[in-house]
Amino acid sequence: PFRLSFPEKLSFCILTHKPRSHFVTNVSNSFRKKGYAVSVVDFKNVAVKIEKGNVSVFDKKSKKDLLKFDAVLARPLGAIDLMQFAFSMNVLAILKENGLPVINDPISYVYGSNKLTEYLLLTRMKLNVPITFSAINETNPFRYISQDRLILKPICGSRGFGVVELKRREKFRLSNNEVPIFQNFVRSGNFDIRLLIVNKNVVGSMIRFSDSSKTNISAGGKPIRYEAPEEIKKMAISASIAIHSTIAGVDVAIDKDGTPYI
């Protein structure tokens with residue numbers, strides 16, 4: 001098991017768009033059980049002020065100066081629009097520029113908010129990714145990927161939302177100006193592997209079983225504790241480095257020849 005140990009009297013901030021989420025509730029409780037002060041701050045209550053060359057960022061509700069915390073755990077992604085995302089990135093950049101440890105780095109969230117960007121960065125690291133095709137409003141991906149079975153996923157999304165399995169000659173619809181990503185289906189069995197990376201170390205891994213194309217636990221996937229082989233651990237660590245993430249969840253699928261894919 002992975003353990004974190006901090007000096008006493010540190011104060012932490014969880015900065016999020018979902019202050020009542022399962023993640024925020026459990027992590028904040030973990031901090032408190034360890035005896036550390038933790039505040040959950042909703043991005044909607046954060047304000048930025050620029051005056052006479054000075055920049056301040058604070059919680060309008062509690063009046064707390066966010067720069068007074070010792071570290072920030074950020075959760076800036078979710079069902080938000082581009083303006084809210086841009087504001088959130090500015091807030092995290094201000095905190096980082098003023099010497100506050102921000103986990104993850106703001107650039108990691110910029111990369112991680114877009115699946116096509118992620119696959120491009122993984123490819124630069126020479127990591128295996130499925131054949132990937134993306135174009136605005138594309139409705140016939142089989143012209144470009146010569147496979148009988150594809151996965152459709154939105155270019156922005158998480159937790160399996162919007163992920164659909166497609167078969168050749170099967171009709172599907174996109175909303176106007178949607179940007180889909182299509183990939184060949186590389187998973188040979190009814191499982192994939194999820195690894196949790198913290199600071200370039202694999203701190204946990206599991207196999208997720210599912211009878212559908214989605215293995216996400218939130219979508220019905222069944223987890224089993226699993227010690228991943230070193231080859232897969234190295235791939236997952238390289239993937240976290242590729243998108244500049246201190247904390248990352250990396251999924252690996254194994255094809256019929258035993259080749260692992262991010």
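In the predicted model, helix H2 is followed by Gly99, a residue with a positive phi near 90°. The helix itself covers residues 82-97, 16 residues in total. From its first C-alpha to its last, H2 reaches 22 Å, close to the 22 Å expected at 1.5 Å a residue. The N-terminal end of H2 is capped by Asp81, with a side-chain oxygen 3.2 Å from the backbone nitrogen of Met83.

Seven positions are listed as the buried residues of H2: Phe85, Ser88, Met89, Val91, Leu92, Ile94 and Leu95. An α-helix has 3.6 residues a turn, so residues three or four places apart point the same way. The buried residues of H2 pack against several strands, namely S1 (11-16), S3, S4, S5 (71-75) and S6, and also against helix H3.

The protein as a whole has five helices and 15 strands. The radius of gyration is 20 Å, which agrees with the value near 18 Å that a compact globule of 262 residues would have. Along the principal axes, the C-alpha trace spans about 60 × 45 × 30 Å. Of the 262 residues, 40% count as buried. Among contacts between residues at least 6 apart in sequence, 62% join residues at least 24 apart. The accessible surface comes to about 15500 Å², and carbon and sulfur atoms account for 52% of this area.

Several backbone exceptions occur in loops. Most residues other than glycine have a negative phi, and most peptide bonds are trans. A cis peptide bond, with omega about -5°, joins Ile103 and Asn104. Asn104 lies in the loop that runs between strand S6 (102-103) and helix H3 (106-112). Lys52, a residue other than glycine, has a positive phi near 55°. The loop that contains Lys52 lies between strand S3 (46-51) and strand S4 (54-59). Lys52 is exposed there, with a relative accessible area of 79%. Asn137 likewise has a positive phi, near 65°, and is found in the loop between strand S7 (132-134) and strand S8 (149-154). With a relative accessible area of 32%, Asn137 is partly exposed.

Ser28 is a polar residue in a covered position. The residue belongs to helix H1 (residues 22-33) and is buried, with a relative accessible area of 5%. A polar atom of the Ser28 side chain lies 2.7 Å from the backbone oxygen of Val24. Apart from residues up to four places away in sequence, Ser28 touches Ile14, Val38 and Val40.

The count of salt bridges comes to 11. One of them pairs Arg149 with Glu165, with the closest N and O atoms 2.5 Å apart. This pair links distant parts of the chain, since Arg149 is in strand S8 and Glu165 is in strand S9 (residues 164-167), 16 residues apart. Arg149 counts as partly exposed at 37% relative accessibility, and Glu165 is partly exposed with a relative accessible area of 23%.

A second salt bridge is formed by Arg208 and Asp251, whose closest N and O atoms are 3.2 Å apart. Because Arg208 lies in strand S12 (residues 201-209) and Asp251 in strand S14 (residues 247-254), the pair ties together parts that are 43 residues apart in sequence. Arg208 is buried, with a relative accessible area of 3%, whereas Asp251 is partly exposed at 28%.

Within helix H5 (residues 230-242), Glu230 and Lys233 are three residues apart, which means that they are separated by about one helical turn. Their side chains meet in a salt bridge with an N to O distance of 3.7 Å. Lys233 is buried, with a relative accessible area of 15%. Elsewhere, salt bridges that share partners join Asp192, Arg194, Arg208 and Asp251 into one network.

Note on methods: Residues numbered from 1 in each chain as written. Predicted model: local features only at pLDDT ≥ 70, side-chain atom pairs only at ≥ 80, totals over all residues. Heavy atoms only, no water. Helix = DSSP H or I, 4+ residues; strand = E, 2+ residues; numbered from the N terminus. Buried < 20%, exposed > 50% of the residue type's maximum accessible area, 1.4 Å probe, protein only. Polar contact = N/O pair within 3.5 Å; in protein donor to acceptor, adjacent residues only side chain to side chain. Contact = heavy atoms within 4.5 Å. Salt bridge = Lys/Arg side-chain N within 4 Å of Asp/Glu carboxyl O. Rg over C-alpha atoms; globule rule 2.2 N^0.38 Å. Areas by Shrake-Rupley, 256 points an atom, 1.4 Å probe, with all protein chains shown as cover. Expected span 1.5 Å × (residues − 1).
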